[in-house]
Amino acid sequence: MTTSDTPVLIVGGSLVGLSTAVFLAHHKVPCTVVERHPSTSVHPRAVGYYPRTAELLRTVGVEEAAKEAASGFEKHKTRAGVVSLAGEVLFSKEELEGGDELSDLTPSSLLLLPQDRLEPILRARAEKLGADLRFGTELVSFEQDDDGVTAVLRDAEGAESTLRAGYLVAADGPRSTVRESLGIAREGRGVLSRHVSIAFGADFRAVLGDRRYSVVHVKNDVVTGILVHDDTLTEGTLIVGYDPDKGESLEDFTDARCAELVSAAIGSDEVEVTVRSRFPWDMAELVAETFVQGRVLITGDAAHQIPPTGGYGANTGIADAFNLAWKLALVLDGTAGSGLLRTYEEERRPVGVYTARQGSLQLAMRSGTATEEQRAATDDAMTVTMGQAYRSGAFVPETGAEQLPLTSDPRTLRGEPGTRAPYVVLEPEGAAPATLDLFGSGFVLMAGQDGGSWAEAAEAAAAEVGVDLAFHRVTTTARADGAPADSEDRWAAAYGVRADGAVLVRPDGIVAWRRPDGGPVGDRRAALVAALRRILAR
């Protein structure tokens, strides 16, 4: 049996596993992905990615490729309820209504792109950055000790090998064998319903005409389900439920039965239907009781199963990976203490619980069964995905400041530690078109117009702590050296500081610490050192 080693072993090469590989490789961390399937997903599955997720993809050079792949879906923004595609329209609503008004919040936009189209883009980027991707390879078993994880792998030919890893990231889905082997229980409302997704081929052109849908809710005498179509108007997916308590099972979904259901959803006997595949899944609200156990870290659906209403599952999983990657990178290179990894659970598990609940609330809203209390508790998509405030974790709370709620309207946030660093357009455009483009690799210290002395403090603190720390003074007028300028004088207000204040931003674009009033010049280095040491668990 051959033996090899890797800093990080990622189990699961679907959307979250591949995202983890991209984010780790972006931080120069070698990693190995094992995925039992022979290649990326052949099933569309997740189809929508909110602007915050697009921002994360932007950071690692994937957003443009994803936007290009999604260009055919630009007009697919209408959610509708119909008797059938050819029949009566019961309701119609634009996805992310007011989306064109998000330019003050983000440079990114909603991406409509089936998972089977996004995964190959992530795979290509991960491979280009040096990740070792092993499709057709499954995890047989693993054991962990104080220094790492020893995993036994089996390839497509049945040959077994041993891989020694510093850490194991479980991205192996809702039925995670890694989570189950560790005995990690889940809590929540459990399985709400059982479903099967039917991928099919059909020519939609005549029945759709000029209409383009993101999601279609179909209800008639033959079928109740959700239908989506692709940008070629030749492929689609129909999601239908079944109830084992009524004697129904997956075996009921023969090719003939699936074709009958799809035809009823389309509403035209003239459209030929070809069934491509079936994918069974459970709609559930379940969250793992812990996301970190020793050297094993749980992400994505393995950590939280979120009802797909609202489309939060994939977005939350990708955000998990983004949060985790920089922390693993700094722990592995010795810059941070191992305690930094515990903050992954501190920060992401409350988000998982909240988002799973929001998925259930969206289900009640869309089914028309929501109570007044449920309606009041349901947040909009931008609040759910962009307005999060970590309650504790790898940041320094401000003394005396009132703790923020777990989520808020992102427009009300002002650079509070534990929240997403606000988006501000900067100049010159060729250097850094937005504050977001300053983040993504190491720590960044930004200071206002009168905060030039923070540069010396940043350099000294970085040297003392041994961490990469970039410094940017955001002036209100363009400078000859091409430094970022804020000609509209928005930065200080957006980040809640004075002109001599400073804000420390983590590699994942989360505010880690700030000094709103600047404070004594002689105290700045020491204050910054103390903040970095606390964040890095040193």
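1. Eight strands make up an open sheet of mixed pairing, ordered β5-β4-β12-β13-β14-β11-β15-β18. Strands are DSSP runs (E, at least two residues), as are helices (H or I, at least four), numbered from the N terminus; two strands pair if DSSP finds at least two bridges between them.

2. This is a predicted model: local features need pLDDT of at least 70 and side-chain atom pairs pLDDT 80 or more, while totals for chains, interfaces and linings use all residues. Residues are numbered from 1 along each chain as its sequence is written, and side-chain values use heavy atoms, without hydrogens and water.

3. Within the sheet, β13 (residues 224–229) and β14 (residues 235–242) are antiparallel and share five bridges. L227 has L238 in β14 as its bridge partner.

4. The whole structure contains eight aromatic pairs (ring centres of Phe, Tyr or Trp, the latter by its six-membered ring, within 6.5 Å; stacked under 30 degrees between planes, edge-to-face over 60, tilted for the rest). One of them, W491 with Y495, is stacked, at 5.2 Å centre to centre and 25° between the planes. W491 and Y495 are both buried (under 20% relative accessible area, with exposed over 50% and partly exposed in between; 1.4 Å probe, protein chains only).

5. W513 lies in strand β22 (residues 511–515). Why is W513 counted as buried? Because its relative accessibility is 7%. Beyond neighbours within four places in sequence, its contacts (heavy atoms within 4.5 Å) include V396, P417, L445 and W454.
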